[in-house]
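Colleague: Please put the model up, and then we can go through its cavities and helix packing.

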Amino acid sequence: MCALLSCQGLTKAFGTQELFSGVTLVIHAGDIIGLIGPNGSGKSTLLNILCGLEQADSGVIFVQKLLRIGYLPQDDVFAEEAGCTDNLFAACAGLDLDEAEQYNRVHALLSRAQFPDPQQPVRLLSGGWRKRLAVCRALINRPDVLIMDEPTNHLDIEGILWLERLMRSTLPESPAAVLVVSHDRHFLENTVNRMVELSPVYPEGSFQVRGGYTDFLEKKADYLLQRQSLEERLANKVRRETEWLRRGPKARTTKARYRIEEAGRLQDELGEIQEQNRSLGQVGIAFDATGRKTKKLLTATGLEKGFNGQMLFTHLNINLTPGLRLGLLGRNGSGKSTLMQILASAANHNNGLTPDAGSIALADSLRIVSFDQRRQALDPDVTLRRALAPEGDSVLYQGQSLHVVTWARRFLFRADQLDTPVCRLSGGEQARILIARLMLHPADILLLDEPTNDLDIPSLDVLEESLCEFPGALVLVTHDRFLLDRVCNLVLGFDGAGRAGYFADYDQWLAMLEAKERGEAVSSPPQTEKKPAAKPRSGKLSYMDQREYDQMEGKILAAEARLGEIEALMAEPEVAANPGQLQRYWQEQQTVQAQTERLYDRWNELEQLRQEQTTG
């Protein structure tokens, strides 16, 4: 099969920093390729080179004759005052199309993207609708190869599901092949049939697997184990050769000279493999809590907020307690970020956004730390050094003074990057700066609004672990479904019409939305006046209830003991190196955790019944 687009031996560097070297990639019809890699590994640069927007330092690119390429960059630039329709017509200007064909293409794409008002000026669109419009623009020339750079950034979950359906469709504008940079693991699992990771850890510059994201994880784990075994074998061989060299050859024969040269070559090879294996660094994320023992941190009652006559939410009640990890779900513009701003402003009574109605009660001296998806706190002109350590050459973290070089290394920044302006760093690197700032402030409540945008997958893994271990309360806005499933133990879903309700998880909320779209009779989201919970029945304990109550403590202790066993097993190196086994233990952990929470809820219910029986 003839390749549509391919490259061989591509190398690119900026100054002394080499982004990638020796990269080879072949794209055939039918390929949907997911490209991942650490922040700063050159993914966006590689896309620009394939699209002809940049030049490689070395290597060759082969493009099929008359190939049409559609490109979706991370940043969306439009004529802001023009409507969606006019922007797409402008994109048709360079194509050899008559007016009728232009009209058909523009309106077909806008219809499939489900734009409610195609004439609305772009400046009024939310980030998610801007991204949908950008996808439409990339498809307007009906490309043979569609290249997309982080298309899920700023899309809400419904937008991501729309994009997944679009990529799996066989419409006239569907491309023959797709190359997409994304760190959304659910999105990759649901769409791609090939995975490519760009990283200096691989001798060829990349690691490529035919299959989905799960297949990639399994093959990568096997590969890294092989690399570790190779390092150990080489280390043993170098040690034997070094001992031989120390004894010294008895004669300067050709064989002896060859052995000396071979020992030197082995040492060089071992050093190269060790450097590649050590380049699998991870971000050191660990949010600092205040250690507060208060059970109620923040209580919001009857919150209402609207803009320009449109209500975002009404009668909204929230009770944040230590250990609660609340995920906010809803379409772009439904009120998630607005609620986050209101909660963030609650600790500062003089500034910030306030609700139109309702009240917020805070625990004494409550500390709230926020992550703003707009990243307005970053000055693009300051250096990385000043962004990480504004007050000098060190930071104070958990009572310990750390030099800025050590602090930077914790977030995978090199010492030679410290004088680089923030504006020259990638989006993922800028996100890591903001997370580093959050870690310097002990918090009772973390408010994180889209913290995952631009973060690479290793950073996401560490972020998840840290959020699960944070003992305070967490309110999280994210469109990363994997993160939601892993971290949040309660979901607050917004319907965009002024109502919101609590759900057990993302799947329950999505099922409600899908049923609503199909026109099925569905009950409205549970009103947030009362958090869904089991209600105790009035009256005395029955015989079966008493028996259940007597056994409850033992069941809870057994469940908690199993949780401890699972956590210990997951920490073992053999399990951590086996993605399949690690996934099975993680699933069991989630099941046992949910069972434990149900047992506690039932125990509280029975305890209340028992107290009523005693006082009645």
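**Cavities and helix packing**

Modeller: By class, the second largest cavity is lined by 6 nonpolar, no polar and 2 charged residues; Ala, Val, Leu, Ile, Met, Phe, Trp, Tyr, Cys and Pro count as nonpolar, Asp, Glu, Lys and Arg as charged, and the others, Gly among them, as polar. The model is predicted, with local features needing pLDDT of at least 70 and side-chain atom pairs pLDDT 80 or more, while totals for chains, interfaces and linings use all residues. Residues are numbered from 1 along each chain as its sequence is written, and side-chain values use heavy atoms, with hydrogens and water left out.

Colleague: Which elements give two or more residues to the lining of the second largest cavity?

Modeller: A cavity here is a set of points on a 1 Å grid over the protein atoms alone where a 1.4 Å probe fits but cannot get out, and lining residues have an atom within 4 Å of a point. The lining consists of Leu 109, Arg 112, Ala 113, Cys 136, Leu 139, Trp 162, Leu 166 and Glu 173. Helices are DSSP runs (H or I, at least four residues) numbered from the N terminus. The elements giving two or more residues are helix 3 (99–112), helix 4 (127–139) and helix 5 (157–168).

Colleague: What volume does the second largest cavity have?

Modeller: Grid points are joined across faces, edges and corners, and a volume is the space filled by probe spheres set on the points. For the second largest cavity this gives about 40 Å³.

Colleague: How are helix 4 and helix 5 oriented, roughly parallel or roughly antiparallel?

Modeller: Axes are lines fitted to C-alpha atoms, for helices over the stretch in contact, and angles run from 0 to 180 degrees between N-to-C directions. Helix 4 and helix 5 pack at about 15°, with their axes 11 Å apart. Angles under 35 degrees count as roughly parallel, over 145 as roughly antiparallel, 65 to 115 as roughly perpendicular and the rest as oblique. Helix 4 is therefore, relative to helix 5, roughly parallel.

Colleague: Which residues of helix 4 and helix 5 make the contact?

Modeller: Contact means heavy atoms within 4.5 Å. By class, the residues involved are 5 nonpolar, 1 polar and 2 charged. On helix 5 they are Glu 158, Gly 159, Trp 162, Leu 163 and Leu 166, and on helix 4 Arg 132, Val 135 and Leu 139.

Colleague: At what angle do helix 2 and helix 3 pack?

Modeller: Helix 2 covers residues 84–91, and its axis lies 10 Å from that of helix 3. The two helices are oblique to each other, and the angle is about 130°.

Notes. 1 Å grid on protein atoms, 1.4 Å probe; cavity = no way out; pocket = protein on both sides within 12 Å on 5 of 7 lines; lining within 4 Å.
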